[in-house]
Amino acid sequence: MDLFDIVKDKALEAQGPLADKMRPKKMSEIIGQEHLLEKGRCLHRCLTAKRLPSIILWGPPGTGKTTIARVIAKEVEAAFYQLNAVTSGVKEIREVIEKANNNIGMYNKKSILFIDEIHRFSKNQQDALLPHVENGLIILIGATTENPYFQVNSALISRTTVLKLELLKSLDIILLLRRALKDKEFGLGDLNVEITDEAIEHIATISGGDARRALNALEISVLSTPLDKDMKIYIDLNTAQESIQKRAVLYDKDGDQHYDVISAFIKSIRGSDPDAALHYLAKMLYGGEDPEFIARRLIISASEDIGNADPNALQVAISAHEAFKIIGMPEGRIPLAQATTYLATAPKSNAAYLGINMALQDVEKTQTTVPIHLRDSSYRGAKAFGHGDGYKYPHSYPNNYINQQYQPDKLLGKVYYIPSANGYEEKIIRHMEYIKEENE
């Protein structure tokens, strides 16, 4: 790094956004990610031993991926090089490799290559890293908001340790905001800011676990608010709301959130919690999820989790699907919400779901034949083979029921459908018991 670079970095640090100026300089300043940084945890152990493997930091925006990478470089006393996968390619990788060779050969110094948005590198670009990660010439730190097991080459994954970062808690965000308000060197400590608890809690909550978003909102609040008569910058709840506008909902319809949120949605319906189900429905719709995908999952849930405990559930789900196709968004959210709340509050039974699964297992492992009295006797020659002989027509008997064998011989007595005692299935149990008792 020459004098020009040093001056440039100093200028950027002074003029940069609050979130960048307040970036922690050492590991003890990092708030959150205790599962990685607490004493005895993975990263803490590696840094204590000063033996760091190549890693991929996977987590939502604003959770500290870049910060951790930079702090690691200082802790292990390594040269630090940063590339962004959007603007860099193999040429830039080769330049870093050349510098890393010089560092190890001339100074016996380690080199860390931090690649932001590593999932955006092509296969060829990722392959260019492999031999240098393999032989330890560079310590690779990749950062990604996407699931690396889907987006990063398996060969590179096998040579790295994937560490998952979590969204910051509201209390963590509040600590960061208060730190920024007190810090006179990098933060807002010289500006005589007074902020209400409601305002700071609102910013922390609405930031959605994203520290960068929270600090940006705080900076906007402070810089856009004039001094009052006491020469203070007073930030109340209204000011905070104007500065952050609306909540940044974490939802990637092509990534993990697609699977995690739909899973929580279905589990909330299954667990008879209409409020949680509506929350996840809203999160999917707000995040741009395909409403027809949601409607199809409602249809599945109606059969899998409710079944004959409420036979109307399936029709409600199908109707919601059809209604959405007719009216579209935004009104289409209403029939989806109706179906969601109907299914969540309906009596539950997975008897049909379990029954078909058990039946499929037996079909797979047991070769069966249809009992001769149940076989079709209408086609030519069938009667000569005795097909249909001995079949008893249920409508000719009281209650339209007669006891006779329907299961194949090898599965005689096998029970697949065991109705629950919930909703309509309780009536099914009583009906089946009644007709069987009457036939005895």
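Student: How far is the sulfur of Cys46 from the closest cysteine sulfur?
Tutor: The sulfur of Cys46 is 4.6 Å from the closest one, which belongs to Cys42, and that is too far for a bond. Keep in mind that this is a predicted model.

Student: What cut-off applies to a disulfide?
Tutor: The two sulfur atoms have to be within 2.5 Å. At 4.6 Å, Cys42 and Cys46 are too far apart for a bond.

Student: And how many disulfides does the structure hold?
Tutor: The count is 0.

Student: Are those two cysteines buried or exposed?
Tutor: Cys46 is buried, with a relative accessible area of 16%. Cys42 is partly exposed, at 33%.

Student: OK, aromatics next. How many aromatic pairs are there?
Tutor: There are 2 aromatic pairs. Trp58 and Tyr149 form an edge-to-face pair, with 6.5 Å centre to centre and 80° between the planes.

Student: Where do Trp58 and Tyr149 sit in the chain?
Tutor: Trp58 is in strand 1 (residues 55–58) and Tyr149 is in helix 8 (residues 148–151). They are 91 residues apart, so the pair links distant parts of the chain.

Student: Is Trp58 buried or exposed?
Tutor: Trp58 is buried, with a relative accessible area of 11%.

Student: Which residues form the stacked pair?
Tutor: Phe80 and Phe114, at 6.1 Å centre to centre with 20° between the planes. This pair also links distant parts of the chain: Phe80 belongs to strand 2 (residues 79–84), Phe114 to strand 3 (residues 111–116), and 34 residues separate them.

Student: What about accessibility for Phe80 and Phe114?
Tutor: Phe114 has 0% relative accessibility and counts as buried. Phe80 has 27%, so Phe80 counts as partly exposed.

Student: Switching to helix packing. What angle do helix 16 and helix 17 make?
Tutor: Helix 16 (residues 291–306) and helix 17 (residues 312–327) pack at about 175°, and their axes are 8 Å apart. Because of that angle, helix 16 is roughly antiparallel to helix 17.

Student: Which residues meet there?
Tutor: On the helix 16 side, Pro291, Glu292, Ala295, Arg296, Leu298, Ile299, Ala302, Ser303 and Ile306. From helix 17 come Ala313, Leu314, Ala317, Ile318, His321, Phe324 and Lys325.

Student: How do the residues of that contact divide by type?
Tutor: The contact of helix 16 with helix 17 has 11 nonpolar, 2 polar and 3 charged residues.

Student: Let's do Ile68. Which element is Ile68 in, and is Ile68 buried or exposed?
Tutor: Ile68 is in helix 5 (residues 65–75). Relative accessibility is 0% for Ile68, so Ile68 counts as buried.

Student: What does Ile68 contact, leaving aside neighbours within four places in sequence?
Tutor: Ile68 is in contact with Ile30, Leu43, Leu57 and Leu165. For Leu57, the C-alpha to C-alpha distance from Ile68 is 8.8 Å, at 11 residues apart in sequence.

Student: And Gln126, buried or exposed?
Tutor: Gln126 counts as buried, at 1% relative accessibility. Gln126 lies in helix 7 (residues 123–134).

Student: What touches Gln126, with neighbours within four places left aside?
Tutor: Ile118, Phe121, Gln151, Val152, Asn153 and Leu156 are in contact with Gln126.

Student: How far is Gln126 from Gln257?
Tutor: Their C-alpha atoms are separated by 25 Å, and the two residues are 131 apart along the chain.

Student: Last topic, backbone torsions. What is phi for Met231?
Tutor: Met231 has a positive phi of about 60°, although Met231 is not a glycine. Met231 is in the loop between helix 12 (211–223) and strand 7 (233–235). At 52% relative accessibility, Met231 counts as exposed.

Student: And what is phi for Asn399?
Tutor: Phi of Asn399 is near 60°, again a positive value in a residue other than glycine. Asn399 is in the loop between helix 19 (351–365) and helix 20 (424–439). With 32% relative accessibility, Asn399 counts as partly exposed.

How values were computed: Residues are numbered from 1 along each chain as its sequence is written. This is a predicted model: local features need pLDDT of at least 70, side-chain atom pairs count only at pLDDT 80 or more; totals for chains, interfaces and linings use all residues. Side-chain values use heavy atoms; hydrogens and water are left out. Axes are lines fitted to C-alpha atoms, for helices over the stretch in contact, and angles run from 0 to 180 degrees between N-to-C directions. Helices (H or I, at least four residues) and strands (E, at least two) are DSSP runs, numbered from the N terminus. Angles under 35 degrees count as roughly parallel, over 145 as roughly antiparallel, 65 to 115 as roughly perpendicular and the rest as oblique. Contact means heavy atoms within 4.5 Å. Ala, Val, Leu, Ile, Met, Phe, Trp, Tyr, Cys and Pro count as nonpolar, Asp, Glu, Lys and Arg as charged, and the others, Gly among them, as polar. Buried means under 20% relative accessible area, exposed over 50%, partly exposed in between (1.4 Å probe, protein chains only). Rings of Phe, Tyr and Trp (its six-membered ring) pair if their centres lie within 6.5 Å; planes under 30 degrees apart count as stacked, over 60 as edge-to-face and the rest as tilted.
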